[in-house]
Amino acid sequence: MGYTITEKILARAAGRDAVKAGDEIMAKPDFVLAYDFPGYTDVYFRQMKEEFGIDRVAEPERFGIFIDHMVPVATPKEEELHQGTRAWCAENGVELFERRGIGHQVAAEVGYATPGAFVVHFDGHISQLGTFGTLGIGMRRNVLEAFVREKVSIRVPHTVRVNLHGRLQPGVMARDVFHHMVRVLGPASCRFQVLELGGDGLEHLTTEGIQSITCLAMFTGALTAIVNPDKQRLDYALPRARKKLEPVYSDPDAEYTAVHDIDLSNLEPIVVVPPTPANTRNLSEYVGLHVQNGYLGSCASGRLEDMEIAARILKGRQVKSGFMLNVIPTSQEIMAEAARRGYVSTLVEAGAFVSSSSCDYCFGRIATMTEGQRAVSTGTLNVKGRMGSPDSEIYLCNAATVAASAIEGRIADPRKYL
């Protein structure tokens, strides 16, 4: 019986010839990543010294820290946190990425998305590195183990395979694919397992679209998501890779706990209704509902294809008076390219507020809503209070829907604008 891509990556990281799902192993992460956030990195840095007597991390080249929350700072306390992170990185010789964009995206841009690599973080959205054949796992507070010793303890996860077939219709995007997966498979369908994507439908999805899907894997209960990388993904990742590793692939006879097939060709735009990310509905059921806010951004969306379709819909049109449309590119690299292509000027001329990359709009630190307001959002979550008042509502959808809804001040089907 063959092996999955996940089993192959963890076997190499554990220094073994082979491992199988269920094995308890000690594996050395190729990269240890984190963003500075109160109660996480500041605690790790303190615990390293006070509880473990470690003044410097071993192999600092394996580590990367991102400042992408509380950007820009609003209080002296926030700046103190950033100062502590800068000082720790300088003392440890660890590379710091500040104001470059949302760390999960920047990690791919700067080479941590190395095909075949094992990466750990405390945040589960690092799963989007799986687009490039990288095993990125969010370990929450257990990631401290990676800061204080070479290897981490991990049980090799089982894998659920989802094969995508066909191609999307205009106005339907990768966000809709993921939310449809949650609808048909269930929000716990991949619990504590790896979501492996395959099928001929991947050929018709962009790298950015696949990043949207892998980024959101945790909402199926998955530990992470991964793709067997094709030439397009390798052409992006290999020239940037920080480590020379041979890409690996699942064997044809690999074992999966379940295999599902999804046809993309008949999908419609989807909206995820509050208050949970599992409350998936066809967009058509909610067309016409008044909304006051729009957010296009986050680690899941806000890339070039999202900016492009929003600009295409809004070109020559105006955001409805009283509607607040915030467009936040996922990284500064993406924002610069969007500006070169004219997307930024089109969005600004239409009445959108376009701001530099930051996580703060997604978790409600900026552009918060008050009681009774509703937002259409490409953010990651729609739970109560995520973007302000617990009595506001968030409707998750694709970037095209956000743009169309901004024109009408109501949830709108983007297909009529395309």
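Which residues do ring pairs link into a cluster? I looked this up first, and ring pairs join Y35, F37, Y40, Y44, F45, F63, W88, F122, F147 and F363.

**Ground rules.** I note that this is a predicted model, where local features need pLDDT of at least 70, side-chain atom pairs count only at pLDDT 80 or more, and totals for chains, interfaces and linings use all residues. Residues are numbered from 1 along each chain as its sequence is written, and side-chain values use heavy atoms, with hydrogens and water left out.

**Aromatic pairs.** I counted rings of Phe, Tyr and Trp (its six-membered ring) as paired if their centres lie within 6.5 Å; planes under 30 degrees apart are stacked, over 60 edge-to-face, and the rest tilted. By this rule I get 17 aromatic pairs. The rings of F63 and F147 have centres 5.4 Å apart and planes at 55 degrees, so I list this pair as tilted. It links distant parts of the chain, with F63 in strand β3 (residues 63–67) and F147 in helix α5 (residues 144–148), 84 residues apart. Helices (H or I, at least four residues) and strands (E, at least two) are DSSP runs, numbered from the N terminus.

I then turned to Y295 and Y361: their ring centres are 6.3 Å apart and their planes at 15 degrees, so the pair is stacked. Y295 is in strand β14 (residues 293–296), while Y361 is in the loop between β16 and β17 (374–377), 66 residues away. Y295 and Y361 are both buried.

**Helix α11.** Which residues of α11 are buried? In this helix (residues 343–350) I find Y343, V344, T346, L347 and A350. They cover an arc of only 165 degrees around the axis, which puts them on the same side of α11; the arc is taken from the directions from the helix axis to the C-beta atoms. The buried residues of α11 pack against α9 (304–314), β15 (324–327), α10 (332–340) and β16 (353–354), where contact means heavy atoms within 4.5 Å. Just after α11, I see G351 with a positive phi of about 110 degrees.

**V156.** Is V156 buried or exposed? I find V156 at 1% relative accessibility, so V156 counts as buried. V156 lies in the loop between β7 (152–155) and β8 (159–165). V156 and T6 are 150 residues apart in sequence, yet 8.1 Å apart in space, C-alpha to C-alpha.

Key
Buried means under 20% relative accessible area, exposed over 50%, partly exposed in between (1.4 Å probe, protein chains only).
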